Amino acid sequence: MNDAIKFSSTVSAMTRGGILVVTIDNAPVNATSADVRSGLEKALVHAEATANVAGVVITGAGKTFIGGADIREFGKPAIGPTLPAVIEKIEKLSKPVVAALNGAALGGGLEVALACHYRVASSTAQVGLPEVKLGIVPGAGGTQRLPRLIGIPAALDLITSGRSAKTDEALSLGIIDEIAKADLVETAISAAQKLSGKQLRRTGELSIATNEAAEIERAAARILGRARGQKAPAEAVRLITSSNRPLTEGLADERATFLTLRDSREAAALRYVFFAERESSRVEGLEGIEPRPVKTIGICGLGLMGSGIAIVALAAGYTVIGLDQTAEAAEKGRERIVGLLERNLASGRLDQNGFEAQKARLSVTASDADLAPCDLVIEAVFDDLAVKIDLFRRLDKVIRPGAVLATNTSYLNPDEIAAATAYPERVLGMHFFSPAHVMRLLEIVRCARTAPDVLATGLAVAKKLRKLPVVAGVTEGFIGNRIFSAYRREAEFLLEDGALPHEIDAALEDYGFPMGLFAVYDMAGLEIAWARRKRQAAARDPATRYVGIADTLCEMGRFGQKAGRGWYAYPDGKRTIDPDVTAIIEAARTQKGITPRAFPKSEIQERMLKAMAAEGEALLAEGIAARPSDIDLVMINGYGFPAHKGGPMFART
Ligand code: 3HC
């Protein structure tokens, strides 16, 4: 064994058994920053020129192999060598280069590995080309080498979804050659030793199967249909499906496309979202505050919401005690939760052991006293103040004072709930979105008296639940529903001013929302919002503009899709424009003396965005939201705002 050679401040190597073991150590995720690229290049030159080096192993320090290109370098002046140049050197080296994947190999990280002549992975590694999620395509050979290794259909799936594959899948697809059974680097060294002097398998020289035309065409059509106007997936499809051409030509096209997309508004928006997600759990004033330890979570109310929360808590490793009003209701809740676990088992998301372990950590009860062991209790009962206050007062009697109490209310004032309890400082809001086991967003509501370590506990639990937490202050509807109300209000103003529901919906879908607002209403049902409006009617200022069209629809029993009619009609279940609704809207306009006019799509989009951004500004001014990017995350993850537009606050810039 020799002394370590330092090729740059982030790349060093040791020679072991005649193999140069190169380690990239560029915390936090070993991104291929300029210093890494130059260090790697020097290591390759050294390996080529040194007679007693028979091969190279490339690996990463810490728990990541390489997390990709350094996203923070995007938009800054380029510093050589470029990643494609380094990768070309790897592939062309006359000595074997083996990738030892000690953890995630993503984006440029997988592209480095693809150019190596052999890939060994530890069992916890994962591979993926997530570039489309950043509005770009792989820019260092991913769209050209992956199809050569695993075929066009599989490459289309991985690259256009941006998903990661675990080692078992990566092995069966042929992305990696071996999963290390013993020490990873030792395994990689012995692979390099065996390959020394042999004909090397260079991915770029492999040919691509050409007998899959129909399958490829179907897959491409499916991907383009889902792209919602985004450029990156379409460009990825183009590059992958044309990869059966000389490598240099494909690589040049890929690089040019990558550079153009990298400078696009779409990519800037998605990069902003990437960093916003990592920023959202950093809360001013919580630096150095330790969350309270949580092992057991109580969930009150085992309806749809409570069961969904239970599923994510079980998956995250918590012990769950579910409470409902009667033994029968609790048992029904248990059945619902187990049913969801069974679905995960059937779909392969959970193996038999995992299923048994999660089921064993679940118990249900109708007795408050059984919640005594809980470190955190989340209530998901009927959204009624008296019901919640009664529950929290009962909990006060059985839960130890250090345990945290969370309310999942959407519209009630959690300060009022907290004030009614013995220890208001341990109360916070944890506003899950429905279905709780699917939606990533979790608003963490800081009440007037929430203790800092209680807020920190909410954030820590959210992270463990694999949710995206956004901290909100107390206001009716918190961040999401406040902005959603402004959005809805503006859509209704537009109705009165001259646009029809399907025109507004088309403009929103054209912008990138998966579904227009009125179609969403019909799907969710109109009656709950109607009941709320009726409750609020007395307090409404008669001088503010109020659109009563939704009320008229409800009075006519047009409660949406379930009722067969709402903002649209649903003959045979198919959404169609309803002339009766048009007539109701026209009558409402006449009654108010409004002369309708036509609205182009762009004006509808502009007005909707402006309304959301204005409400966002108000939330910032009131201190309800800490930063514009938190608002954007809420709208993207809770309300279908297209991520590639960055959210309403980003879009206005
Ligand atoms: N560049 C710069 N910074 C990055 C980064 C990257 N590629 N990936 C992660 N980071 C930073 C994060 O911003 C975060 O910084 P912070 O601590 O200051 O907030 C820190 O690394 C840790 O990130 P996570 O909190 O996400 O850490 P995890 O351990 O949960 O996850 C990961 C690690 C799986 C690597 C995850 O960070 C990830 O998915 N990263 C992005 C991967 C990616 O998109 N790669 C493609 C880049 S584009 C590319 O490679 C182009 C190429 O084709 C030329």
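These notebook entries record what I looked up in one structure, which is a predicted model.

**Entry 1: strands around E3**

I began with strand E3, residues 19–24, and found that five of its six residues are buried. I then looked for its partners. Strand E2 (residues 11–16) runs antiparallel to E3, and six bridges join the two. One pair I noted is Ser12 with its bridge partner Thr23 in E3. E2 and E3 form a hairpin with two residues between them. In that turn I recorded Gly17, which has a positive phi of about 60 degrees.

I next turned to strand E4, residues 55–60, which is joined to E3 by six bridges and runs parallel to it. Here Ile24 has Gly60 of E4 as its bridge partner.

**Entry 2: strands around E8**

I looked up strand E8 (residues 118–121) and found it paired with strand E6 (residues 97–101) in the parallel sense, over four bridges. Leu101 has Ala121 in E8 as its bridge partner. E8 also pairs with strand E11 (residues 178–179), again in the parallel sense, over two bridges. In this pairing I noted Val120, whose bridge partner in E11 is Glu178.

**Entry 3: helix H10**

I checked the dimensions of helix H10, residues 247–262. Its 16 residues reach 22 Å from the first C-alpha to the last, close to the 22 Å expected at 1.5 Å a residue.

I then asked which residues of H10 are buried. They are Leu247, Gly250, Glu254, Thr257, Phe258, Leu261 and Arg262. Seen down the axis of H10, these buried residues fall within an arc of 125 degrees, so they line one face of the helix. I noted a general point beside this: an α-helix has 3.6 residues a turn, so residues three or four places apart point the same way. The face of H10 turned away from the buried side carries the exposed residues Thr248 and Thr260.

I also looked up what covers the buried residues of H10, and the list includes helices H2 (83–92), H3 (108–115), H4 (142–150), H9 (231–241) and H11 (265–279).

**Entry 4: cysteines**

How many disulfides does the structure hold? I found zero. For Cys300, the closest cysteine sulfur is in Cys374, at 7.9 Å, too far for a bond. Cys300 is buried, with a relative accessible area of 1%. Cys116 is buried as well, with a relative accessible area of 0%.

**Entry 5: an annotated domain**

Lastly, I consulted UniProt, where an unreviewed entry places the feature "domain: 3-hydroxyacyl-CoA dehydrogenase C-terminal" at residues 477–570. Over residues 477–570 I recorded 60% helix and 0% strand, with the end C-alpha atoms 31 Å apart.

How values were computed
Residues are numbered from 1 along each chain as its sequence is written. This is a predicted model: local features need pLDDT of at least 70, side-chain atom pairs count only at pLDDT 80 or more; totals for chains, interfaces and linings use all residues. Side-chain values use heavy atoms; hydrogens and water are left out. UniProt positions are given in the numbering used here, feature names are shortened, and annotations may be inferred rather than shown by experiment. The expected span of a helix is 1.5 Å times one less than its number of residues. Buried means under 20% relative accessible area, exposed over 50%, partly exposed in between (1.4 Å probe, protein chains only). The arc is that of the directions from the helix axis to the C-beta atoms. Contact means heavy atoms within 4.5 Å. A disulfide is a pair of cysteine sulfur atoms within 2.5 Å. Two strands pair if DSSP finds at least two bridges between them.
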